[in-house]
Each structure stands twice: as C-alpha cells, then as structure tokens.
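Let's walk through this structure together, one piece at a time. Have a look at it first, and then we'll pick a spot to start from.

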Amino acid sequence: MKRKLYYVLFFLYAIVVVFVLYLNGVFTGEWNSSVNLVINIGFLILIGILFAVSSISFGRLGRAADELDAVRIRLQEEYREAGEKNLWANYKDNAELFADKDLQDAFDRYRMRVTGSRTRRGAGASCDLEEYINEDLLDRVSMNFFNSGVPGTLTGLGILGTFLGLSMGLGAFSGDDIFTISDNVGALLSGMKVAFHTSVYGIFFSLVFSILYRSLMADAYRALEEFLNVFRQTAQPLSVKDDENAATMLVYQAGMANTLKQMLAVMKGNAAEQTAGVGRIVAQFTEQMQTALDTDFKKLGSVLKSAGESQAASAADVAEMVKTVAALVEANRTAQEALTSAMERQTMFAKQLEDQKKMLADTCSDMSDEISSQIYTFEQMRNLYEK
C-alpha cells in the first residue's frame, strides 16, 4: 500500500483545482476576471502533466520493488526446502527469474558474465549481483533525472505566477489622485490574487511531491538491499578460487587416505606372512629335531627363537643406521649446494672486481688525456703571452 502513496498527489490535486475554481467564482458564476481563471487553469494543467509523467515512473518503481520482494521470499522458501544448499544451479540457466523487464535484463547480463568465466569445474568467476541490480537501476526505472527536478519546477511555477500576477495588477493600476486610484484597486487585487494563489499551490505541491518521492525511493532501496542480502546467502555462485581450493583439498585428502590404506594393508599382510612362515619353520625344525634327538633340541629351538629376535633387533638397528646415513648424505648435498653457491658468488665478485679495475683504468686514462690536454693548452697560452 505504501508504494501507491503517489495517488495522494492526484487526490490533493483535485482538491486544489476545486478550491481554485471556487475562489475564482466558477461555481457561483461570480468571477470578475477571466484572465485570472485562465492563468490558474494553465498553471494547474502544467502541474497535472508533471504529476502524470511522474506517476508513470512511480508505477514502474513500485512494480520493481514488488518484484524484488516476491523473488526474495521465493528464494528464502526454496533455500529452506533444498536443505540450505546453494540455489545457483537452479537459476544459472533460468531465463525467467524476474517478471519485470528491467530487472530480468540486468539479471541476464549477470548470468552471461558468470557463465562466460566458467572454469573446467563449472564454477564462475566471483561477481556480485549488485554490480547489475543496484540503486542506479532503480533510479533509471523511477526516472530520477526527471522526478528530482519536479519540486524545483513546481516552486518555480509558483514564483513565476507570483510575478505574473503582480505584473498584471501593476500594469492595470494607474491614476493621479485618490479617486482614480480607488477605481483601479480592483485590478491590483485581482493580480495579487493570481500571485498568491499560484505561489501557495506551487509551494504546497512541491513540498508534498518531495516527501512522497523520497518515501517511495527509500522503500525501493530497502527492498533492493533485502533482496541482495538474501541472494548472496542463498544463490550467490561460489568464486572460482574457493571452489577450486576446496575441490583440490578434497582430492588431496582422498589420495592420501587411499595411499595410507594401501601401505597399511601391505605392511600388515607382509608382517603376518613373515611371522607365520617363521613360526612354521621353527615348528617343523623343532619337531624333526625332537624326533631325532629328543628333548635337547627344545633348548635349541629356544636358542634359535632368541636368535631370531636378536636378528630382528639388528635389522631395526640397520634400518636406523640407513636413515642416519641418508640424513648425512642429505646434509652433504646441502653443504655441496652451499659451497657451489659460494663459489658462484665468488666468481661473480671476481668479475665485478675485474669490471671495476677496467673502469678505473679507463677513468685514469681519461684523466691523463684531460690533464695532457690542459697542459698543452696552458703551454700554448703561455707562448702567446710571452710573445
């Protein structure tokens, strides 16, 4: 209902028209000056034309604001129904998000930009819808270039009517004595009536129009801000950087988990097979030796088992030694790289010294030539002076 407030302009306009006609005696048939009536009607017609043009833009602005509210509510409902998942996939190819032509054209340009910068993963470049649907768009829809000048125009018409009425009254006022002056007072008052009437309703309409216009624009800006906030929350496409980083991290984590799982399975399988194999060998050997040499080989089995455990400990020590040797090799490689870098810097420094030596030699040669030239010049001047 608030977006229909501009209808108040026409209601007040009708009241002012009736009031002006009443003051000029149209309803009673007692008007004294047709010129006053014509001027007032002319001014009211101009004001009516301004209001008619403004009402068209106000209607377009109201429809755009209603459309923003409707789409905002629809996005919120669909977002809840989708389990709070991003809705861009539903609207990236939807050509009918808005019923309003201006808003739909702006949204189509936004979709083209996002779709045109799509990557292999299907994500578009980071772009905010406010670059296309913003306050400038609402200003164009509401004909801000026209409506922003209407209050000043109405005030100007009131001032113009004031000077016009005064000019008419003073033009008809003449006389040299009190009797002739009193006969022309009516014409003067008639002109002043035009001046006051036009000033009053010109300034009145200017104030009312300014209040209504600012109220309508503020309401439209509020609807725009609420829509943009909801769109960013529910349907704003993810940026390429965020999407690719998240996908890369997921792939990396999956690959690492799979590799670790395979390594664990291999290690577990090898350890189990080796343990089982050693156990079988020891059991068979013990059994055979027990059969051949009775209980003495039970002790031998225990000794062999202890030897296997010692061998395992030795293998662990060897593995640790291999790690240590690898660390030493790496340290040696690092030292070699540092030495190579130092040699390169030394070679560069030697080259710089050689360049500076050459430059110094060239400078000394130039100074020697300059001194020789100055000495020769001095000798020539002294010979001339002696002559």
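Start with S55, which sits in helix 2. Helices here are DSSP runs of H or I with at least four residues, strands are runs of E with at least two, and both are numbered from the N terminus. Before going on, a word on what you're looking at: this is a predicted model, where local features need pLDDT of at least 70, side-chain atom pairs count only at pLDDT 80 or more, and totals for chains, interfaces and linings use all residues. Residues are numbered from 1 along each chain as its sequence is written, and side-chain values use heavy atoms, with hydrogens and water left out.

Back to S55. At 16% relative accessibility, S55 counts as buried; buried means under 20% relative accessible area, exposed means over 50%, and partly exposed is in between (1.4 Å probe, protein chains only). Leaving aside neighbours within four places in sequence, S55 is in contact with Y6 and F10, where contact means heavy atoms within 4.5 Å.

Helix 2 itself has 48 residues, which should span 70 Å at 1.5 Å a residue, and its end C-alpha atoms are 69 Å apart, in agreement with that. The expected span is 1.5 Å times one less than the number of residues. After helix 2 comes G83, with a positive phi near 75°. E84, in the loop between helix 2 and helix 3, also has a positive phi, of about 60°, although E84 is not a glycine. Is E84 buried or exposed? At 58% relative accessibility, E84 is exposed.

Now step back to the whole chain. Of its 387 residues, 28% are buried. Among contacts between residues at least 6 apart in sequence, 75% join residues at least 24 apart.

Helix 1 covers residues 7-23, and its 17 residues reach 25 Å from first C-alpha to last, close to the expected 24 Å. Its buried residues are L9, L12, Y13, V16, V20 and L21. Just after helix 1, G25 takes a positive phi of about 75°.

Which residues of helix 4 are buried? They are L103, Q104, A106, F107, Y110, R111 and V114. Seen down the helix axis, these buried residues fall within an arc of 160°, so they line one face of helix 4; the arc is that of the directions from the helix axis to the C-beta atoms. The face turned away from the buried side carries the exposed residues K101, M112 and G116. At the start of helix 4, a side-chain oxygen of D100 comes to within 3.2 Å of the backbone nitrogen of D102.

In soluble globular proteins, nonpolar side chains tend to be buried together. A nonpolar core here is a set of buried Ala, Val, Leu, Ile, Met, Phe, Trp, Tyr and Cys residues joined through side-chain atoms within 4.5 Å. The largest one has 56 residues, and F98, F107, Y110, I133, F205, F227 and F231 touch the most other members. Helices 1, 2, 3, 4, 5, 7 and 8 each give two or more residues to this core, and helix 8 supplies the largest share, 15 residues.

Helix 8 also holds S206, which is buried, with a relative accessible area of 7%. Not counting residues up to four places away in sequence, S206 touches P151, L154 and T155. A polar atom of the S206 side chain lies 2.9 Å from the backbone oxygen of P151.

M143, between helix 5 and helix 6, is not a glycine but has a positive phi of about 55°, and M143 is buried at 17% relative accessible area. L238 sits in the loop between helix 8 and helix 9 and is exposed, at 53%. L238 and W88 are 150 residues apart in sequence, yet 8.8 Å apart in space, C-alpha to C-alpha.

Note on methods
A polar contact is a pair of N or O atoms within 3.5 Å; within protein, one must be able to donate a hydrogen and the other to accept it, and residues adjacent in sequence count only if both atoms are side-chain atoms.
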